[in-house]
Amino acid sequence: MRDAQAPARSEEAAADPVQPVRLAPLKDDLSPEKRALAEDLRQIFLTLGISVRRYAARRHLDASTVTRYLSGRVPPWDFVAGLVTDVQEAQKPLTSEAEAGLRELHRTALKSNRHSSETQELTDRLAEADHEVRRITTRERALAEILMDREGRLARVRGWCRNLEAQIEEQLLAHQAEVALWRGEYARLEEECGDLQEQVIYLQEALAVTRAELIAAEDRCHRLESRLDTLQELGAQQAGNDERPSIVAMLEEADRRSSVPELVRTVGDLEQRTRRAIASELVRSASQSRTVEEVAGLLSGLQQAGFDAHARAALPTMVVVRSVDDTGALARELIREGLEEYVLVLVQASVKFHEPADIAAFAHALHLADLAVYAEGLLAAVAVVRPVADVVSTAAMLVPGELDSAVVTALSAAGAQRGVADLVTLSIALREACLAEFADAVQLAAAAQQSAADVAEFIHSLSRHGLTQDAETVFDATQNRSVGHLIPLVLALRDDRVWSVLSRAATSRWSDEIAVLISELYMTGRHQLSTKLLLQTIADRPDPQVRELARALDGMAPGSEAALQAAVRSLSPDDAAQLLIRMDAYGLPEQAETVFRCAVHDELAGQAGQFLATLVRKKSRYGDQYELCQHARGMTPSTLAPLLLAIESASLTGHLDAVIRTYCTDCPIVDVVLLAKRLAAEKLLVMRANSVFGKILEHMVQTRSIADLSGLVSAFQSAGLDVHAKRLAEQALRTHGRRFRDMLTTEQTKHEQKVMSRAFWRPLPEARRRGRSA
């Protein structure tokens, strides 16, 4: 057997200028864990393209030691780490998932040898302890340097402070005389300010009288203009407008004895004469001096007469001038008259002009007048638009009392509408004023209604100001909102709270909501969080809910297949096998198929082999020979090759023979050629690929006809696989003897022309055409 294969190897070496690195065969008595580790180490070592002796010289090791490590003996992790580093330097780095899987394989292999496992564990612990000592030593040096720097700066700053104290003392002594002089000047200016204030009051009164005289003069001018126009148009006719009273007399009469209907008629007369400003002034003047009942009647009459603007203009002045009790009584009278919109004007004016004490009194008056809705509206507006200090003062004046619920509602409105900075200040102020209930209302409203970005900033600001418990309350409450809020919340959070949100969602949300979270996290590039949430949900939920989750994921992008593929890439082979078993147990065959395909085709051969070995050990149907054969029936040669290599890596000889027998018994010759070409392309798994190909050839020789075998030899030669063709020819010749040799000769010469045939001597078509033309 060896003599027959030797020419094949020499011819392959001659055809391929890059000689493959030859490694010693693996030991037959290796455990599956050690075999899987050795296969991956050999696969990684072959990427360097150098011999064992050269690598041993590079790493200052004995060549036999390196050979034993690559042949199945479990090496220390330093050797594996050095090999990974050399591969990275050769610009063929491993992915982080592959390196983590290699680490897991190394630990698994060590566990099979208790002494080596304990030694490696102690070595790892010693390395970690040494790393910790070096880290602490570095930090100690850095802290010592920083301490020395800070001590020097402290000494300099203290010197500057002493110099400044001396300068301040000198300046204080120098300016004491000037301070005394300026104090006297201040007393003189204060006295002068009082005199000027009295003059301002006197001038304001004189200005008011002058404005009244100006109104009267304008009215007289208007009347004279009207009379002049009338005289010009009608000649000698006299106008009846000479006896109209002046505006000043009209205002005085309105303040004294005019009835409400007369005031309404007067306003209408002024409106017709385009004296709207005078009409508004008349209404304001009457509203300030009349009783509440008369004012309510006047406003009602104006509203019915269509002079709503004058009534609204008078209400803010009343809020400023009249007492809070009068304003409350007026609100009650307006409600009786059916003028609710005027009560809203009073509330708006109170929010704008009243001090906190008056606001609290007005709210209480509205409550006593059975106008609780307007009291709540007043307090809510104050909580939203007034400064934080006014909000806290108003709330402090109303509690404890009958308006506690109204204050809670108002502060909830503030929590929903005010900015984050105001909310933090308001929370601190309410806590300091011993109004914890209202602070809770503000924070819960913010958590329930503010945007996700604002809630995240609010939580961060509360923590930064020392309100850790308040931040936790807001964080806990905001997670009760819809999934549409949780997604931007996760993207906005800046600390370890992200997984807390997702972990809580995995245990408390509906399956379709979790599917939305997984999809959105995946589409926004948070694949690790998406995978972790998916695995957590699968682990915690019962079978029906997991099936609902899979159906929901399939109805949105990117689907359950992409999510499961990302999950498998992050799992160890054993965990991936457990996931497949769980998917199969939940009645999700498509998802189980996705896990199987990803674990077998997208991983290293050693890890894929461990995955299959775990399935067999757990007695999963996906590890059964029949299931693997059914799986292989629908595969193409390019996808079947990784499966065969994984089965070979797991040392599942019976499974490998069954799959080869199922696929190669009646498949077309071209598929066998493509499969061989795919195995030949495995430069990192040359020995394993040769072993699989040998089993394929053995099966083909034993089961296929002589005609198929001769055709396969020709197909190998046409595909450039001369070594494979020679290997098949030698093995078929030993099995079938002369019959195969004659069939192969016939197959290879059937297209050649014989010397004695008429076709051989027949002239070519071009020669015949040239002869005819001549």
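**Confidence.** I looked up the pLDDT (the predictor's confidence in each residue, from 0 to 100) and found a chain average of 77, with 80% of the residues scoring at least 70. This is a predicted model, in which local features need pLDDT of at least 70, side-chain atom pairs count only at pLDDT 80 or more, and totals for chains, interfaces and linings use all residues. Residues are numbered from 1 along each chain as its sequence is written, and side-chain values use heavy atoms, leaving out hydrogens and water.

A note to myself: where pLDDT is low, the predicted coordinates should not be read in detail.

**Whole chain.** I found 41 helices and zero strands; these are DSSP runs (helices H or I, at least four residues; strands E, at least two), numbered from the N terminus. Of the 774 residues, 41% count as buried, meaning under 20% relative accessible area with a 1.4 Å probe, protein chains only.

**Aspartate 86.** Next I visited helix α5 (residues 77–89), where aspartate 86 lies. Is aspartate 86 buried or exposed? It counts as buried, because its relative accessibility is 6%. Its side chain makes a polar contact with the side chain of arginine 59 at 3.0 Å. Such a contact is a pair of N or O atoms within 3.5 Å; within protein, one must be able to donate a hydrogen and the other to accept it, and residues adjacent in sequence count only if both atoms are side-chain atoms. Leaving aside neighbours within four places in sequence, aspartate 86 is in contact with Leu48, Tyr55, Arg58 and Arg59.

**Helix α25.** I checked the length of α25 (residues 511–523): its 13 residues reach 18 Å from first C-alpha to last, close to the 18 Å expected at 1.5 Å a residue. The expected span is 1.5 Å times one less than the number of residues. Its buried residues include Ile514, Leu517 and Tyr522, and the buried residues of α25 pack against α23 (483–492), α24 (497–508), α26 (527–540), α27 and α28. Just after α25, glycine 525 takes a positive phi of about 85°.

**Helix α30.** In α30, I found Phe596 and Cys598 among the buried residues. The partners of its buried residues include α31 (605–617) and α33 (637–649).

Definitions and conventions:
Buried means under 20% relative accessible area, exposed over 50%, partly exposed in between (1.4 Å probe, protein chains only). Contact means heavy atoms within 4.5 Å.
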